[in-house]
Amino acid sequence: MSFQPLGKRVLVEFCECEKTTASGIIIPDNASKEKPQIASVVAVGSEVSEVVAGDKIAFAKYSGTELNLDGKKFLVLNLEDVLGVIK
């Protein structure tokens with residue numbers, strides 16, 4: 001199944017959350033229940049020129065619409081909800 005966002009929308013896939021810290025401390029599952037606010041861009045709408053597929057972005061908390069495609073969780077964001085590109 002394929003999905004193409006329309007207008008100024010972006011389809012993103014959640015990045016895997018870190019399970020350990022830089023020093024090697026393991027983070028328990030109950031400490032990381034909150035949704036991550038970092039995602040990888042999968043597809044962009046025709047009116048989007050600021051980000052491209054493959055970019056890693058930060059987005060506003062509680063934004064977007066969740067979508068299940070082929071058993072994976074995706075998020076459709078308005079371009080205004082994208083805070084910036086992580087390099």
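## Surface and overall make-up

How much accessible surface does the chain have, and what percentage of it belongs to carbon and sulfur atoms? The total comes to about 6000 Å², and carbon and sulfur atoms hold 53% of that. Keep in mind as you read that this is a predicted model.

The chain has 87 residues, of which 26% are buried.

## The cores

Let's turn to the nonpolar residues. The largest nonpolar core has 14 residues, and the members that touch the most others are Val10, Val12, Ile57 and Leu77. Two or more residues of this core come from each of β1, β2 (38–44), β3 and β5 (72–78). Another core, of five residues, lies apart from it and includes Ala43, Leu69, Phe74 and Val76.

Leu77 is worth a click in your viewer. Beyond its neighbours within four places in sequence, Leu77 is in contact with Lys8, Arg9, Val10, Val12, Ile57, Phe59, Ser63, Gly64 and Val82.

## One aromatic pair

The count of aromatic pairs comes to one. Phe14 and Phe59 form this pair, with 6.4 Å from centre to centre and 50° between the planes, a tilted arrangement. Because Phe14 sits in strand β1 (residues 9–14) and Phe59 in strand β3 (residues 56–59), the pair ties together parts that are 45 residues apart in sequence. With a relative accessible area of 2%, Phe59 is buried.

Notes
Residues numbered from 1 in each chain as written. Predicted model: local features only at pLDDT ≥ 70, side-chain atom pairs only at ≥ 80, totals over all residues. Heavy atoms only, no water. Buried < 20%, exposed > 50% of the residue type's maximum accessible area, 1.4 Å probe, protein only. Areas by Shrake-Rupley, 256 points an atom, 1.4 Å probe, with all protein chains shown as cover. Phe/Tyr/Trp six-rings, centres within 6.5 Å; stacked < 30°, edge-to-face > 60°. Helix = DSSP H or I, 4+ residues; strand = E, 2+ residues; numbered from the N terminus. Core = buried A, V, L, I, M, F, W, Y, C linked by side-chain atoms within 4.5 Å. Contact = heavy atoms within 4.5 Å.
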